Amino acid sequence: MNRLSFRQKIFFYQLLLFFVFILLLFPMIEQAVKQIMRNSLEERVQDLIEKIQDAPSEREMVQRLKDQEFFIFFRITLINSKGELLYDESVRQYFGEKYIPNFPLSLPEVEEALRKGKGYREGESQIFVEQFAYLALAFDFQRATYVLRAALPLSQVHELTKSFEIGFLLFSSSVLLIFSGILWLVFNRLSRPIQQITRAIKQDPIPEIVLPKGIREEDDFGRLAKTLNSLSERIHSQIKYLTEERNEKEAILESLGEGVIAVDAEMHLHYANLVGSKMAGFSRKGLIGKPLPKQGNTPLLERARALLELCQEQGRIVTDSISLTNGKKIYFDLIAAPKGKGRGAIIVLQDKSSHYKVLEMGKDFVANASHELRTPITIIRGFAETLQDLPEISSEMLMDITEKIVRNCQRMDTLVKNLLTLSDIENIPERRFKKCNLPALIDNCRHLLLSVYSDTQITVEKNREEIYVSVDPDLLELAIMNLFDNAVKYSLPPTHIAITIQQEEEDVKISIKDHGIGIPPTDLEQIFERFYTVNKAHSRRLGGAGLGLSIVKTIIEKHDGTIFVSSEVGVGTTFLITLPLAGETP
Ligand SMILES: Nc1ncnc2c1ncn2[C@@H]1O[C@H](COP(=O)(O)OP(=O)(O)OP(=O)(O)O)[C@@H](O)[C@H]1O
Ligand SMILES: [Mg+2]
């Protein structure tokens, strides 16, 4: 029943009502027919009585009855007060002229009529094998009481009832048909706005509902359409708001450096940002809505899976760390949190490699710095002890030893200066930045280098005479001098350095190229790290500790610039620096 449409339900109830109506009315039809028949019999019998009552004799009365027989449709019986049958045409026809029983008949309806004036009975005839409806009326004739009885076969009554019923059924069916037709039309007309509203609601996005002409705004449908229009407007703006919010959150999640993976309670992947899927080693496309793989996946995904299960089991945030060796060492911190009971969990994967790298670099730095400081101290101490042990020493040897002590002192001095510079350039105060002409600054460095290494050849090419940059001139000079120093140290004399200064739209590019020994490709990536040297012994012999390029890189980056290196062993090395141009204000 619930599957039926509203319209079908209406028609179903209408049919049901019709059948109940028919069912209740049919017994009433029979009763009504009988009542009509009874009244009509009574009228007819009364009529007959009036016609025979004034007969001069009993015989004449019977004769008058006989005369009337032709005009009546029922059986008629005349009985005297003793209950004797005086006239019955049917009995006469059936049994012959002679059969008139002269014994009193005991007929309940006759007895009732004698008592009350009127009697009625339905039942079997005592003479014919047939059911009759009897109506008997008592009347006075010549100071005696007579009863005139009409008998109608019940089969006739039934036939009449049946034809009444058929007529009624036909009539009510046609009424039902006409009524259904009208109902259908009315329903169609009424439901047109509903259909229109339904059609509109099914569309995506829901358009504005415009009702057909003739339906006023203050009608029920008009009000419904108005309400739905404002509802759809609210839904639209709600959807827009939610979509924007979701997109915003998704954009935030996608832009995170951390991996985010969310699962439902059945450990089916619900969401993963790009970083998360890359870290865990799966493609989001194939896995959304599917179970997180159990085997054959990366160790990180395996650990993440275990943590996601654990946090749901315990209903609290759980954390873990994992270190993996994939060519280089990678560290991950994992934080898993349940979304709510039975609603899954979310895990954040943080790549802590750079953090650990910084920690390790700090440790390495201290170790390297101590080592670099201890080396000259050990040498100086060694020579000092030699001097102590050998009081009578030749002047050449003394010269040699003191020279070595002085060189190592210088080395220590340079090292300490470089270390101080490194910590100093971490925070360059704003006041030290000045607008400087870069070609002039580089020219200054060139003169400084030539004053120490006079045989060095330095060529400078520039596309402008004046190119202004906002820099700490001392630090930028230090950076350039470090690169010149390297070019000299790692080239066979005479050194040739080619410099080009190129101003472009927003920045300036400085290239410093030498024809020295070059750097092997495997070392190129690391030469900017602190204390990194390609050849430790070679650098140490030249008094270097591997801090120069790390100082250069830090200085350039603190000036919002970049530095790249390209090199070929035996051909030479080129450093390419980019610096932003100074703004309008001097
Ligand atoms: N122009 C160059 N040609 C060849 N190799 C170079 C050049 N510049 C740097 N290198 C290599 O890169 C390494 C790192 O250079 P860096 O300037 O940092 O250290 P250093 O020169 O050895 O010591 P320091 O600069 O502290 O005196 C050097 O040891 C050297 O091997
Ligand atoms: Mg150097």
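The protein has 16 helices and 17 strands. Helices (H or I, at least four residues) and strands (E, at least two) are DSSP runs, numbered from the N terminus. The model is predicted: local features need pLDDT of at least 70, side-chain atom pairs count only at pLDDT 80 or more, and totals for chains, interfaces and linings use all residues. Residues are numbered from 1 along each chain as its sequence is written, chains are lettered from A and ligands numbered from 1 in the order written, and side-chain values use heavy atoms, without hydrogens or water.

The C-alpha trace spans about 200 × 55 × 40 Å along its principal axes. The radius of gyration of the protein is 62 Å, whereas a compact globule of 586 residues would have one near 25 Å. This radius is taken over C-alpha atoms, and the globule rule is 2.2 Å times the number of residues to the power 0.38.

Ligand 1 takes up the space of the largest pocket. On a 1 Å grid over the protein atoms alone, a pocket is an open set of points with protein on both sides within 12 Å along at least five of seven lines. A molecule sits in a pocket if more than half of its atoms lie within 2 Å of its grid points.

Around ligand 1 stand 18 residues, of which Asn-486, Tyr-490, Asp-514, Leu-547 and Leu-549 come nearest. A residue is near a molecule if one of its heavy atoms lies within 4 Å of it. The shell holds eight nonpolar, eight polar and two charged residues. Here Ala, Val, Leu, Ile, Met, Phe, Trp, Tyr, Cys and Pro count as nonpolar, Asp, Glu, Lys and Arg as charged, and the others, Gly among them, as polar. Helix H13 (473–489) and helix H16 (548–558) each supply at least two shell residues.

A polar side-chain atom of Asp-514 lies 2.9 Å from a nitrogen atom of ligand 1. An N or O atom in the side chain of Tyr-490 is 2.9 Å from a ligand oxygen.

The peptide bond from Pro-493 to Pro-494 is cis, with omega near 0°. Pro-494 is in the loop between H13 and strand E14 (496–503).

Key: A polar contact is a pair of N or O atoms within 3.5 Å; within protein, one must be able to donate a hydrogen and the other to accept it, and residues adjacent in sequence count only if both atoms are side-chain atoms. On a 1 Å grid over the protein atoms alone, a cavity is a set of points where a 1.4 Å probe fits but cannot get out, and a pocket is an open set with protein on both sides within 12 Å along at least five of seven lines; lining residues have an atom within 4 Å of a point.
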